[in-house]
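Hi everyone, thanks for coming. Have a look at the structure on the screen, and then I'll walk you through a few bits of it.

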Amino acid sequence: MADPPAMCAAAQNRPLPAPGFLNGRERGYSGPGASQGWAPMGLAGLTVMLVEDHGFQRRLGLRLLADLGLDRVHEAADGYQALDLLRGLPEPPDVVLVDLDMPGMDGVEFIGIVAQENLAHSIAVVSAMEPALLHTVQVMAKASGLRVLGCIEKPLTPGKLTTVLSLFESGPGPAPVAAEVEVTLDQVRMALSRGEITAYFQPQAEFGNGKIVGVEALARWRLPDGRMVPPVVFVPLMEAGGLVDELTTLMLVQSCAWSKRWQARGLDLRVSVNVSAQNLTGPEVADRYEAVLREHGVNADRIVLEITESLVMSDTARGLGMLARLRLKGFGLSVDDFGTGYSSLSQLSQTPFTELKIDRGFVSGAPSQPRKRAMIETSLDLARKLDLAVVAEGVETIEEWQLLAQLGCDFAQGYLISPPVPGEQLPDAIQRWRQTQH
């Protein structure tokens, strides 16, 4: 579910591969032969546009791209010219390399229009500006729906270009755009009664040995015609319509039922279930959750309740009372999406959390982004001082796994390990992870 860099494409020290992995593939090359037409397989087939107002820099960039074997290259001297060319192309280019500091229309405005009109498959920023600005621009571009490969720090070199352009080939492609699905509150209510909304489970792996130790339960809704309704569509409706407590109870019931089935197959996993602020409305909540576990014969120490960081800020007295009762009954408590809210250190230290989840927005691209790495390091240091386990969300690449392992993170969750799967498919997903060699 969840959400690029001040990445500068320079050589980096690679940490050791993750447990169970072969050496990770290198995503670039800057050694001998880089300027003699050498390029990774498939790189030469890319369509690239270079947007650069400085004549010499533009000619240099075109020469370097040609040396790398790319022959489908477009050029533009400013944003206006680039937009005219992009709108006239039969297909959007694979990569647009864009300078930020241009007269007339700067790179920030240009990127915004490219995103709005879907004029490119991906972009990479070419700039000598300070890292903070580059980070901001790329976060903006990604939030607008653009795939962002990173930043190439000037001056251009064959190695820097190859490293970033190779990400288009080796990195995950843009998520397919789902057809827009509109549903009503009555449809949501009916889906609940028919059992159409079910729990999928995404595995969490231990960094030390790669073992799957837990899963997160995630609500999924498949319509009778096979289309999936995104949680971002139906969960807010449930919150507005007073159905979110029913959803949480459903996720908890299904999690307990599957936990017992997995246990019978030798899989002893803790299960994380998301809890909305609307769930913590009265002292009976903890008793009701405990009753669900008792009915299924599941111990509370096998269930982790994930609470968003913003909930820590609201209605402190009631929230803390609820969390204290849940903790007394043995439930694990996780502060979800850490770093995206505004909780103070004193609030975190006074709340009986057992786990901290680092938001995917900080994990994505962290190996090449010093600011994101600093946020992760700070979060891990805080967690160690508060004696909290740490789960990193959104781990999608070997490089992200390696960095988090190197920094001492406890657990990883993300598509590198497995996407969310139905309960009956979880044992197979775990087996695929055990056999994976990257």
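So, what should the 21 residues of α8 span at 1.5 Å a residue? The answer is 30 Å, and the end C-alpha atoms of α8 are 30 Å apart, which agrees. The expected span is 1.5 Å times one less than the number of residues. Helices here are DSSP runs of H or I with at least four residues, strands are E runs of at least two, and both are numbered from the N terminus.

Quick housekeeping. This is a predicted model: local features need pLDDT of at least 70, side-chain atom pairs count only at pLDDT 80 or more, and totals for chains, interfaces and linings use all residues. Residues are numbered from 1 along each chain as its sequence is written, and side-chain values use heavy atoms, leaving out hydrogens and water.

Back to α8, residues 244–264. Its buried residues (under 20% relative accessible area, 1.4 Å probe, protein chains only) include L247, M251, W258 and W262. After α8 comes G266, with a positive phi near 90°.

Now the largest nonpolar core, with 78 residues; W262, I303 and L305 are among those with the most contacts inside it. α8 gives the most to this core, 6 residues. By nonpolar core I mean buried Ala, Val, Leu, Ile, Met, Phe, Trp, Tyr and Cys residues joined through side-chain atoms within 4.5 Å.

Last stop, strand β10, residues 303–308: 5 of its 6 residues are buried. β10 pairs with β9 in the parallel sense over 5 bridges, where pairing takes at least two DSSP bridges. Opposite L305 in β10 stands V273.

Technical notes
Buried means under 20% relative accessible area, exposed over 50%, partly exposed in between (1.4 Å probe, protein chains only).
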